[in-house]
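Subject: Two-chain model, handover and findings

Hello,

Here is the structure we talked about, with the sequence alongside. My notes on it follow below.

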Amino acid sequence: MYIYLPVALTSIKVLLPIGLGLLVGLLSGLFGVGGGFLLTPLLIMFGIPPTVAAATDSNQIVAASTSGTYAHWKLGNVDFKMGLYLLIGGFAGGLMGVQAIKVLRATGNADFVIKMTYVLMLGIVGTYMFIESISSMKGKKSEEAKAGKESKTGNFLKSLPFQTRFEKSGVTHSALLPIIFGGFVGVLAAIMGVGGGFLMVPVMIYILRMPMHVVVGTSLFQILFTCIEVTFLQAYTNHTVDFVLAVLLLAGSTIGAQIGTVFGRKLKGEQLKVFLAVIVIAVTIKMIFDLTLSPSILLSQSGGH
Amino acid sequence: MSTLKIQKLKNKIMEYPGIRFLMFCLVFLDIFLFSEMAFSDLTIKVNHDRIKINFVYHGSSVSVSGVADSGTDLVIKIASPESHQTLRKKGKAAGFLWMNIGELKLEHASNLYFLHSTRKLDDILNSDEMDKFLIGYPSMERHVEITPVDNENDESKWFNEFVKYKESSKLYDISSGKISVTDKDGKQNFYIQVDWPYQAPPGDYLVTVYVVKDKRVIDKAEKNVLAEEVGIVKALSDMANNKGALYGMISVIAALGTGFGVGMIFGKGTGAH
């Protein structure tokens, strides 16, 4: 059965967006990522105009992350205090990133910078997570060397002002830390046009030292607010949210997020990290292929205004 | 001056209203005094000329039929009004990386262009006539303005890419020999059924049937096809475009509601803690 999408102005098989939603929702519940870095390119591949794909995706993430946050909150896995600080930083960073893109557009280098940022960030994050989680799964061999290094960084972090205790995560940090790193992710997310979950998750694991299960819940909580803002702005200024497509996607993704949360409880933190790393690396490789293989058609639909 | 530049100059001149009126008078005179059009007998009928785009729309079909004089050839053109189009260009950056390298702007290009003829265009029409009635890709290439391009070769390359892109989107199609023709009482009945792609956006489309003899167009007739959104599709599309704030709020609230709803159902189902 086919359905016509009133904003995308195209027709699509009903089961396709439901299936895609289910897949992305599963990742969302498992890893705390919105999945925009996967779903938007897939939607474009199936004939949805790029601007509609990105805007509708954020609408769908609102539903999936609500569903996921709710499930994780019930399990006691959301650090609201940390989420709030990250949000403040992310919001400020997002504003800066949008300005940076405007400057890049004016100089005509926007696309190059966006693509390169994408490949580099995905590549670095994926590879680092993969190596780190594999080596910690094998056994903590370099524990001593690590401990020495950690205490140095730890001392520096402890010397920062505004130290505060994050109960849920069981860590004490300067309030500046989540705000600054939230801001950094916000800048990159705005440049790349994604929610930034796949960047925020490693920041929470490796820099804020939060336990994996709290990371997932907190990341979803944070993504929820970012995507509410993006959905509204896209609908209001660009008229690019396709409600019908969003409903089909979220029918799949909200259920996927619940299944993901249940699965996530059965997997260890390290296993989750390896899975996420593999997915991120796969997307990076796909992007490298797209960049180097000659396309069959040299024109594509414009981004719209 | 190249033919390309002459064509562009023609387009510019045609934009002045006085010139247009003069041209109109000349064409009018031409039709009545010198052409053979008055001797031809052409009637056309377009079946399914109001395409309703509803919730389960997945394209449609349009059939064009009619009666024309025997011994003539026919060209059937279906096109959307000429418009401005912007597309993204892919090219090599830093020598080896394929990415978007800017925009390609086209003026006087139709978004949809179907052309079906009884025989190959080059065998039945001379190029002046094709240019006059915008029949075939070469005429369209001379008519359309593409920017930015370095030279004529570059322009030609991007026009070909444009056609390739449109054909892959099912919006451009040229064929010969698909019109079925049967002779009857010194006249010929013609008929063709065209698949209407769901990729064609709502709007007005013009069907033109040209009667061709001795490499010239001797008669033509036109009919309109309207593709329009109806029901829920129309309501949602109007709201998205005219009431962005409300539409955005409804989208967010629906997503939040569904997320919570599904969360609660699953929460109960698994018994939570």
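Helices and strands in these notes are DSSP runs, at least four residues long for a helix (H or I) and at least two for a strand (E), and they are numbered from the N terminus. The model is a predicted one.

Loops of chain B

By that numbering, B:Asp214 sits in the loop between strand S12 (203-213) and S13 of chain B. The phi angle of B:Asp214 is positive, near 50°, although the residue is not a glycine. B:Lys170 is another non-glycine residue with a positive phi, in this case near 65°. The loop that holds B:Lys170 runs between H6 and S9 of chain B. Chain B also has a cis peptide bond, from B:Thr147 to B:Pro148, with omega near -10°. B:Pro148 belongs to the loop between strand S8 (145-147) and H6 of chain B. These spots are listed because most residues other than glycine have a negative phi, and most peptide bonds are trans.

Sheets of chain B

One open sheet has six strands in the order S2-S13-S12-S4-S7-S9, all of chain B, and its pairing is mixed. Its edges are strand S2 (50-53) and strand S9 (172-176) of chain B, each of which pairs on one side only. From one neighbour to the next, the strands of this sheet are turned by 15° on average, direction ignored. At one end of the order, S2(B) runs parallel to strand S13 (residues 216-229) of chain B, with four bridges between them. In that pair, B:Lys52 has B:Glu228 in S13(B) as its bridge partner.

Five bridges hold the antiparallel pair of S1(B) and strand S3 (residues 60-69) of chain B. Within it, B:Lys45 is opposite B:Ser65 in S3(B).

Where the chains meet

How many residues of chain B are in contact with chain A? There are 56 of them, in contact with 52 residues of chain A. The two chains bury about 4,800 Å² between them, and 70% of that lies on carbon and sulfur atoms. On the side of chain B, the residues that lose the most area to chain A are B:Arg88, B:Trp98 and B:Met99, which together make up 14% of what that side buries.

Which elements of chain B give two or more residues to the side that touches chain A? They are strand S5 (82-93), strand S6 (97-110), helix H6 (152-168), helix H7 (231-242) and helix H8 (244-269) of chain B. H8(B) supplies the largest share, 18 residues. By residue type, the side of chain B that touches chain A consists of 34 nonpolar, 14 polar and eight charged residues.

As for polar links across the interface, 11 residue pairs are in polar contact between chain B and chain A, counting pairs with both residues at pLDDT 80 or more. Salt bridges between chain B and chain A number zero.

Strand pairing also crosses from chain to chain. Strand S5 (residues 299-301) of chain A and S5(B) run antiparallel and are joined by three bridges. A:Ser300 has B:Arg88 in S5(B) as its bridge partner.

Salt bridges

Over all chains the count is 13 salt bridges. One of them joins the side chains of A:Lys286 and A:Asp290, at 2.8 Å from N to O. A:Lys286 and A:Asp290 are four residues apart in helix H11 (residues 269-292) of chain A, which is about one turn of the helix.

Regards

Terms used:
Residues numbered from 1 in each chain as written. Chains lettered and ligands numbered in written order. Heavy atoms only, no water. Contact = heavy atoms within 4.5 Å. Buried area = accessible area lost by both parts, 1.4 Å probe. Salt bridge = Lys/Arg side-chain N within 4 Å of Asp/Glu carboxyl O. Polar contact = N/O pair within 3.5 Å; in protein donor to acceptor, adjacent residues only side chain to side chain. Nonpolar A, V, L, I, M, F, W, Y, C, P; charged D, E, K, R; others polar. Pairing = 2+ DSSP bridges. Axes fitted to C-alpha atoms, helices over the stretch in contact; angles between N-to-C directions.
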